[in-house]
Amino acid sequence: MRFLEIIREDIRTIFERDPAAKSIVEVIFCYPGFHALIFHRIAHYLYRKGWIFVPRLISHISRFLTGIEIHPGAKIGRRFFIDHGMGVVIGETTEIGDDVTIYQGVTLGGTGKEKGKRHPTIGNNVVIGAGAKILGNIYVGDNSKIGAGAVVLKDVPANSTVVGIPGRAVNRNNGMKLYKDVDLDHNKLPDPIYEEIQNLKEKIKELEDKLRIMEGLENDKAV
């Protein structure tokens, strides 16, 4: 696609996913995620051509202006949306699919000092909640949702919701897509710890009821 066509698509994406967007002028001048994406597309193009310093300089200027740091080596698909974006960090070997949405404070980072692929690969139609950290050369499957504040250190199956530290995949749907469209409700997440505690409380109550019945039978025999 031509550069201007990609920009138009990015603007349409913002209107589709952000109800606060009121006009094209507002999006063009007031959305740091949009600005950071334009800077990145230019820097990434130059980076692929073998330039090193200029793309890094563009990335540095973009971080200064937007609060969003995207390494020029990162590969980003179509219809990518960064909502608010302050504190977002996307590492050099990160790969992001199409129709991905991320919120402020998200880190797609590396671990250790290994060379080569050391950052995450994000599938299509993924939502990453505010403050989430996805670290290392791991894969997040299509149609997944990463909860706010989650720390993901292992591969995430497609069609999963991930919560907690370290992140645990819950709500898998047997290979079926969980959400028909991009699901932006990253605050509506299950609480597996609470659910487990409730299960334990129910089991304890069942045991207590059985003990009462047994005690009643023993008392009847004694009489």
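Hi everyone, let's start with the lining of the largest pocket: F3, I6, R41, I42, H44, Y45 and R48. A pocket here is an open set of points on a 1 Å grid over the protein atoms alone, with protein on both sides within 12 Å along at least five of seven lines, and lining residues have an atom within 4 Å of a point. The volume of this pocket is about 180 Å³, taken as the space filled by probe spheres set on the points. Helix α3 (32–48) and α1 each supply at least two lining residues, and the largest share, five residues, comes from α3. Helices are DSSP runs of H or I with at least four residues, and strands are E runs of at least two.

A quick word on the model: it is predicted, with local features needing pLDDT of at least 70 and side-chain atom pairs counting only at pLDDT 80 or more, while totals for chains, interfaces and linings use all residues. Residues are numbered from 1 along each chain as its sequence is written, and side-chain values use heavy atoms, without hydrogens and water.

Back to α1, residues 3–17, which also holds F15. F15 counts as partly exposed because its relative accessibility is 32%, between the cut-offs of under 20% for buried and over 50% for exposed, with a 1.4 Å probe and protein chains only.

Now to the sheet. Five strands form an open, parallel sheet in the order β1-β4-β7-β10-β13. β1 (69–70) and β13 (151–152) are at the edges with a single partner strand each, so one side of each has no neighbour in the sheet. β1 pairs with β4 (residues 89–90) over two bridges, and pairing requires at least two DSSP bridges. There, I70 sits opposite I90 in β4.

Conventions: 1 Å grid on protein atoms, 1.4 Å probe; cavity = no way out; pocket = protein on both sides within 12 Å on 5 of 7 lines; lining within 4 Å.
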